[in-house]
Amino acid sequence: MKRRWMRVVAVALLAGCTGTAEAQQPPADPQQPQAPPEQRANPLATRQHFRLAFLAGQWEEQITYANAKPGEGSFTGRWRARPALGLYLQITYEGAGPQGPYRAFGVLTYDREAQVYRMWWFDDAAGVGEYRGDFTDENTLTLEHSGVVEGRAFRERIRYTRVAANEVRTQVEQAWDSGAYQAYLEAVARRMRAPGGPGKPPRN
């Protein structure tokens, strides 16, 4: 996908992670045009930030709910993950489910001090969630949230798995009170194509 924002992953979010993870970039040539701030390398970016590259881009997914009624079928969602400040992914989401349309946005990053991945998620149902986790294998990022919903203890676990360069699988499990995790949904997302060109994954 030959869109400018797709190249931001290597240049802005993840620059400095090849070679020495936190190496400073060489002085810029004053005769050369400078990249805008949102595309510049952040010297604080690490290899852990670099690993989030597989999520960057624009995606369309098919969602299957575990408690779907017979014949209900799947639902469609679209989301976009864009790099910000060379350290974060800003996520915007629009989709649908059994209860109707759903919109949300979030921020995902690696916390250098706590040495953990963190995500903050806000939705149109007044949901506010903070998730923490790590990669459980080379291709799967697992994040967990613990909180209270309408007076009840609630936990949620999300797994993002890179199936291929242009495909990501999301699995969500939920638990109420002291109960065990139960499957909530599974989604298969594919990178959306730009007009006139094939989908192109960011380099990572």
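E150 is located in the loop between β7 (140-149) and β8. Strands here are DSSP runs of E with at least two residues, helices are runs of H or I with at least four, and both are numbered from the N terminus. The model is a predicted one: local features need pLDDT of at least 70, side-chain atom pairs count only at pLDDT 80 or more, and totals for chains, interfaces and linings use all residues. Residues are numbered from 1 along each chain as its sequence is written, and side-chain values use heavy atoms, with hydrogens and water left out.

E150 has a positive phi of about 50°, although it is not a glycine. Most residues other than glycine have a negative phi. The relative accessibility of E150 is 81%, so E150 counts as exposed. Exposed means over 50% relative accessible area, buried means under 20%, and partly exposed lies in between (1.4 Å probe, protein chains only). L85 also has a positive phi, near 60°, and is a residue other than glycine. L85 is placed in the loop between β2 (75-84) and β3. With 65% relative accessibility, L85 counts as exposed.

The protein chain holds two helices and 10 strands. From the N terminus on, the order is α-α-β-β-β-β-β-β-β-β-β-β. The chain has 204 residues, and buried residues make up 40% of them. Its accessible surface comes to about 11,900 Å². Carbon and sulfur atoms account for 50% of that surface. These areas come from the Shrake-Rupley method with a 1.4 Å probe; for residues, only the protein chains shown count as cover. Among contacts between residues at least 6 apart in sequence, 44% join residues at least 24 apart. Contact means heavy atoms within 4.5 Å.

Strand pairing was examined next. Two strands pair if DSSP finds at least two bridges between them. Strand β3 (residues 88-97) pairs with strand β4 (residues 100-111) in the antiparallel sense, over 10 bridges. The two strands form a hairpin with two residues between them. Y88 has T109 in β4 as its bridge partner. T109 in turn has R118 in β5 as a bridge partner. β4 and β5 pair in the antiparallel sense over eight bridges. Their hairpin has four residues between the strands, and Q115 in this hairpin takes a positive phi near 55°.

The largest nonpolar core has 30 residues. A nonpolar core is a set of buried Ala, Val, Leu, Ile, Met, Phe, Trp, Tyr and Cys residues joined through side-chain atoms within 4.5 Å. L55, W79, L108, M119, L141, L143 and Y160 touch the most other members. Residues up to four places away in sequence aside, L55 touches W79, A81, L89, L108, Y160 and V168.

Aromatic pairs were searched for across the whole structure, and nine were found. Rings of Phe, Tyr and Trp (its six-membered ring) pair if their centres lie within 6.5 Å; planes under 30 degrees apart count as stacked, over 60 as edge-to-face and the rest as tilted. The ring centres of Y110 and Y117 are 4.9 Å apart and the planes stand at 65°, so this pair is edge-to-face. Y110 and Y117 are both buried. Y117 also pairs with F135: the centres are 5.3 Å apart and the planes are at 75°, so this pair too is edge-to-face. The pair of Y117 and F135 links distant parts of the chain, 18 residues apart. Y117 is in strand β5 (residues 116-123) and F135 is in strand β6 (residues 128-137). Both residues are buried. Ring pairs link F54, Y110, Y117 and F135 into a cluster.

Y181 has charged groups over its ring. A charge sits over a ring if NZ of Lys or CZ of Arg is within 6 Å of the ring centre and within 35 degrees of the ring normal. The charged end of R155 sits over the Y181 ring, 4.9 Å from its centre. R157 lies over the face of Y181, at 4.0 Å from the ring centre.

A153 lies in strand β8 (residues 152-164). A153 has a relative accessible area of 35% and is partly exposed. A153 and W176 are 23 residues apart in sequence, yet their C-alpha atoms are 5.8 Å apart in space. Leaving out residues up to four places away in sequence, A153 touches G147, A175, W176 and D177.
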